[in-house]
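Morning, everyone. Please bring it up on your screens.

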Amino acid sequence: VKIGNDVVTTRDTTSGNQGVTVTFTNEKQVGLTVTKQIAKSGMNITGEHSFTFTLYDKDKKELESQTIKVNGTASGSESFTKKLSQGQTYYLKETDTETGFVLTGMTGSIAEITKDEDGYYKFTVPNTTGKEPSDITVTATNTYLYGQVSFMKVDGETGKALSGAKFRIVRVEEQQEVEVVSKDNIKSGRGAYRANFTRKLE
């Protein structure tokens, strides 16, 4: 039974000489807002970046998707139009992530969120038993994978900056070198060198 944005969550049934009496209790539905946070690791994020989140019911049937845009502020948020029923279980998943970012976790206000398989995050809307409920806010954190290194090449005797040197940056995995940045992607000028590369999260 649903009346407006209220749904029935409990029902009491009593019987007597005059028949059966059924009492319905309506519980107000709540809203869901997802906030995107970026762990920048000291890097400057430029341009607009989009992240799509999809809401599912307890059977992982898709209910709604919302896209959050982050434009250099390292945070952004969107609210779902779908209202959530008290006492019900839902799943949330980041279904579209831009290259260079990786989801590292979700936390929630009011409702506890636990990580499920295949990138799903599970939560149950608390039942307030007649009290005014609060909307749920989920904070999803992505780590920015790009890193940057700067270094100088100087003459060992005079200390003079030297240009024209060639370098490459590597990551060592199980005593094997894995190239991260080729020499062609290392920029230089007046003895100063700078390279951008993609970090690997363990």
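Let me begin with a term: two strands count as paired if DSSP finds at least two bridges between them. Now apply that to strand E5, residues 48–56, and E8. Six bridges join E5 to E8, and the two run antiparallel.

Before I go on, a word on confidence. This is a predicted model. The mean pLDDT of the protein is 80. Of its residues, 70% reach 70 or more. The lowest confidence is in strand E1, residues 2–3, with a mean of 49. The highest is in strand E11, residues 120–124, at 97.

Back to the sheet with E5 and E8. What is its strand order? It reads E6-E5-E8-E11-E10. That is an open sheet of five strands, with antiparallel pairing. Strand E6 (62–71) and strand E10 (113–115) are the edges, and each pairs on one side only. Neighbouring strands here are turned by 25° against each other on average, direction ignored.

There is another open sheet. Four strands make it up, in the order E7-E4-E12-E9. Here the pairing is mixed. Which strands stand at its edges? Strand E7 (75–79) and strand E9 (101–108) do. Each has a single partner strand, so one side of each is left without a neighbour in the sheet. The twist averages 20° from one strand to the next.

Stay with E9 for a moment. E9 pairs with strand E12, residues 136–144, in the antiparallel sense, over seven bridges. Find Thr-107, and you will see Thr-139 of E12 opposite.

Now the rings. The count comes to five aromatic pairs. Take Tyr-91 and Tyr-120. Their geometry is edge-to-face, with 6.1 Å centre to centre and 85° between the planes. Why does this pair tie together separate parts of the sequence? Tyr-91 lies in strand E8, residues 89–97, and Tyr-120 lies in strand E11, so the pair links parts that are 29 residues apart in sequence. Are these two tyrosines buried or exposed? Both Tyr-91 and Tyr-120 are buried. The charged end of Lys-60 sits over its ring, 4.9 Å from the centre.

Next, Phe-51. You will find Phe-51 in strand E5. Its relative accessibility is 0%, so Phe-51 counts as buried. Ring pairs link Phe-51 with Phe-101 and Tyr-144 into a cluster. Phe-51 and Thr-67 are 16 residues apart in sequence, yet 5.5 Å apart in space, C-alpha to C-alpha. And over the ring of Phe-51 sits the charged end of Lys-36, 4.8 Å from the ring centre.

That lysine takes us to the salt bridges. How many does the structure hold? Four. Lys-36 makes one of them, with Glu-94, at 2.6 Å from N to O. This pair links distant parts of the chain: Glu-94 in strand E8 and Lys-36 in strand E4, residues 32–39, 58 residues apart. Lys-36 is at 0% relative accessibility, so Lys-36 counts as buried. Glu-94 is buried too, with a relative accessible area of 10%. The cut-off for buried is under 20%.

Glu-132 pairs with Lys-28, and the closest N and O atoms are 3.1 Å apart. Glu-132 lies in the loop between E11 and E12, and Lys-28 in strand E3, residues 19–28, so this pair ties together parts 104 residues apart in sequence. Glu-132 counts as exposed, at 59% relative accessibility. Lys-28 counts as partly exposed, at 42%.

One more: Asp-59 forms a salt bridge with Lys-58, the closest N and O atoms being 3.4 Å apart. Asp-59 counts as exposed, at 58% relative accessibility.

Thanks, happy to take questions.

Key:
Residues are numbered from 1 along each chain as its sequence is written. This is a predicted model: local features need pLDDT of at least 70, side-chain atom pairs count only at pLDDT 80 or more; totals for chains, interfaces and linings use all residues. Side-chain values use heavy atoms; hydrogens and water are left out. pLDDT is the predictor's confidence in each residue, from 0 to 100. Axes are lines fitted to C-alpha atoms, for helices over the stretch in contact, and angles run from 0 to 180 degrees between N-to-C directions. Rings of Phe, Tyr and Trp (its six-membered ring) pair if their centres lie within 6.5 Å; planes under 30 degrees apart count as stacked, over 60 as edge-to-face and the rest as tilted. Buried means under 20% relative accessible area, exposed over 50%, partly exposed in between (1.4 Å probe, protein chains only). A charge sits over a ring if NZ of Lys or CZ of Arg is within 6 Å of the ring centre and within 35 degrees of the ring normal. A salt bridge is a side-chain nitrogen of Lys or Arg within 4 Å of a carboxyl oxygen of Asp or Glu.
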